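Keep the 3D view open as you read.

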Amino acid sequence: MQTGADTLLEILKAAGVHTVFGIPSIHNLGFYEALRKDGSIRHILCRHEATATHMADGYARESGTPGVVITSTGPGAGYAVPALQEAYGSSAPVLMITTNIAASKIGKGLGTLHEVKEQDGIFKNITKAVFIVRAEEDIEDLTREALNTLKLGRPGPVYLEVPTDLMSREIGVKRDLGTNTTVPKTDLPDLKEAITLIKNAERPLLVVGTAAVRACMAEEVVSIAETLAAPVIFTPSARGLIPDKHPLALGNSARSGAIRETASSSDLALAIGTRLREVDAKRRGLVLPHLIHVDWDNEWTDRNFPSNISLSGDMPGIVRAMMEALESPSDRERRLQRVHEISLKIQEEEAEIRRNHREMTYLKVIRDILPEESTLVVDNTQLGYWSEYFYPCHVPGGWMGAKGSAIIGFAFAAAIGAKIASPEKPIIAVIGDGGFLYSTQELATCLRHGIGFPVIVVNSKSFGIIAYLQKKFHKCEYESRLTNPDFVALANAYGIAGRRVASPDGLGQALDEALSSGKMRIIELLEDFPEPPFGRY
Ligand SMILES: Cc1ncc(C[n+]2csc(CCOP(=O)(O)OP(=O)(O)O)c2C)c(N)n1
């Protein structure tokens with residue numbers, strides 16, 4: 001017998017899905033039975049729906065393919081909410097498959113097990129789209145549509161809800177199990193004018209964001225930057241799209257000093273695949289005098305930065321069309337010299353910061369030990385904030401952070417997902433003592449599935465950034481000091497080795513041992529990094 005869940009699974013497989021993260025429950029038993037019968041999909045049994053969703057998110061960002069999470073109805077679905085918000089904010093293609101009570105009982109308020117009123121309503125504002133199955137014959141089309149929606153234009157999470165009874169009900173199979181890909185509508189009446197503006201600009205600047213990384217636009221961005229001899233700045237998650245060591249790559253657009261001066265003294269900013277959100281750009285003081293904004297859609301046009309021209313649609317296609325019309329400027333050498341001088345200034349600034357901040361020494365230890373082809377996954381923790389600014393990243397996605405929502409508790413779980421996506425790639429997670437205790441239960445998942453990478457738990461015995469903010473705004477701390485377990489003993493309790501270090505050298509040795517062992521390691525770093533780099537640097 002072919003059930004609704006069998007059909008759902010076949011469509012996932014046809015779309016190339018071979019890993020699913022989740023937790024079984026009475027309502028999704030049909031899906032788990034389909035998984036068991038099929039046997040070809042790897043199921044990662046997780047210990048919380050939020051961390052399962054972060055894992056699917058880390059997997060999606062690392063692999064560039066959909067990360068799939070399966071939850072149950074009501075509470076099981078609800079636990080995924082903050083993690084989906086993060087995936088939404090970070091444009092990560094996460095497919096959340098969830099159940100509901102039996103189709104015939106939905107909306108009746110009978111007090112059915114796990115029932116929640118208008119369950120999909122919880123997810124409408126934190127996903128690209130919700131797909132609601134109410135009849136078994138719709139499973140096939142809606143699953144296919146959900147998969148298409150994940151990656152169409154700006155990627156993002158999608159919610160697919162199948163009532164419990166329809167998962168197990170017999171269903172006929174249609175023949176075509178493929179997925180279609182449609183390219184978003186492109187509307188370019190202003191392309192010519194944009195090209196003229198670019199040609200006339202003397203100090204153009206490229207500002208690149210997350211959507212350009214998700215669309216794998218390294219080639220287009222390098223090519224347009226090199227043609228124009230224009231410097232490039234990046235929002236945090238776009239760092240590495242072109243290597244930080246590239247002579248035209250200046251660094252994080254949120255930084256002050258030479259980067260901010262370059263932005264405000266440019267005479268044209270070409271923003272590619274960035275929403276120019278308040279949190280990444282405006283709040284950090286970024287000024288962009290004239291703006292051409294290229295994105296998948298015009299949802300973020302003129303929100304924080306008025307644009308002179310907005311071009312939306314097939315983003316890579318738009319940049320390629322621009323490229324065809326552009327040529328190297330006559331003052332190319334002058335431009336390259338200017339960027340070179342800015343880079344020297346940035347290096348001097350960093351050398352000065354390095355003298356005063358040991359956070360920089362720790363970042364150097366991590367950078368020196370990781371090859372370029374690697375992923376550093378950071379939480380919203382002080383050392384993580386420093387890495388946003390100062391960790392050199394040379395590959396797209398080589399720095400992964402929860403910048404979509406600034407959630408804590410992301411990094412360990414997302415790194416598990418990333419490691420599953422790229423088992424051969426060195427991956428390190430950095431998380432605070434606060435954030436880690438949102439996710440420690442997933443040590444059991446690592447043990448069960450043989451997943452191994454180093455996790456640096458920075459034990460400052462505090463919600464450090466909160467303590468810093470309290471002191472800054474209220475002159476004293478309150479409820480920001482933490483009572484912690486012994487993290488090494490905690491790791492040991494899961495059968496995982498732990499080590500306590502308190503210096504850059506100690507961290508280097510522990511990372512070296514951990515990476516060469518290939519095993520899971522908890523490295524407790526006893527440090528208290530007192531302040532973030534925001535605002536100052
Ligand atoms: C889910 C969630 N809850 C609360 C916060 C508020 N918050 C932001 S940072 C932070 C402290 C994090 O502490 P820790 O992980 O120890 O890192 P540290 O700041 O000490 O470096 C908190 C509570 C948040 N961002 N996300």
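An oxygen atom of the ligand sits 3.0 Å from a polar backbone atom of Ser462, a polar contact in the sense of a pair of N or O atoms within 3.5 Å (within protein, one must be able to donate a hydrogen and the other to accept it, and residues adjacent in sequence count only if both atoms are side-chain atoms). On its own the ligand would expose 580 Å², and the protein buries 77% of that; accessible areas here come from the Shrake-Rupley method with a 1.4 Å probe, and for residues, only the protein chains shown count as cover.

Before going further, a word on the ground rules: this is a predicted model, so local features need pLDDT of at least 70 and side-chain atom pairs count only at pLDDT 80 or more, while totals for chains, interfaces and linings use all residues. Residues are numbered from 1 along each chain as its sequence is written, and side-chain values use heavy atoms, with hydrogens and water left out.

Which residues come closest to the ligand? Of the 17 that surround it, the closest are Thr381, Asp433, Gly434, Gly435 and Gly464; to be counted, a residue needs a heavy atom within 4 Å. By class, that shell has 8 nonpolar, 8 polar and 1 charged residues. Here Ala, Val, Leu, Ile, Met, Phe, Trp, Tyr, Cys and Pro are nonpolar, Asp, Glu, Lys and Arg are charged, and the others, Gly among them, are polar. Helices α16 (382-390), α18 (433-436) and α20 each give two or more residues to the shell; helices (H or I, at least four residues) and strands (E, at least two) are DSSP runs, numbered from the N terminus.

Take a look at α16: 9 of its 9 residues are buried, so the helix is largely enclosed by the rest of the structure. Buried means under 20% relative accessible area, exposed over 50%, and partly exposed in between (1.4 Å probe, protein chains only). Among the buried residues are Gln382, Tyr385 and Trp386.

Now for the charges. Side chains of opposite charge can pair when their charged atoms come close. The structure holds 34 salt bridges, each a side-chain nitrogen of Lys or Arg within 4 Å of a carboxyl oxygen of Asp or Glu. Lys37 and Asp6 make one of them, at 2.9 Å from N to O. This pair links distant parts of the chain, 31 residues apart, with Lys37 in helix α2 and Asp6 in helix α1 (residues 4-14). Lys37 is partly exposed at 42% relative accessible area, whereas Asp6, at 11%, counts as buried.

Glu62 and Lys425 meet at 2.7 Å, N to O. They are 363 residues apart: Glu62 belongs to helix α3 (residues 49-63), and Lys425 to the loop between α17 (411-421) and β15 (427-432). Both are buried.

Finally, find the surface patch. Ile26, Leu29 and Leu113 form a nonpolar patch with about 290 Å² of accessible area together, and Leu29 is found in helix α2 (residues 29-38). Patches are made of residues with over 30% relative accessible area and no salt bridge, with like charges joined within 9 Å and nonpolar side chains (Val, Leu, Ile, Met, Phe, Trp, Tyr) within 5 Å.
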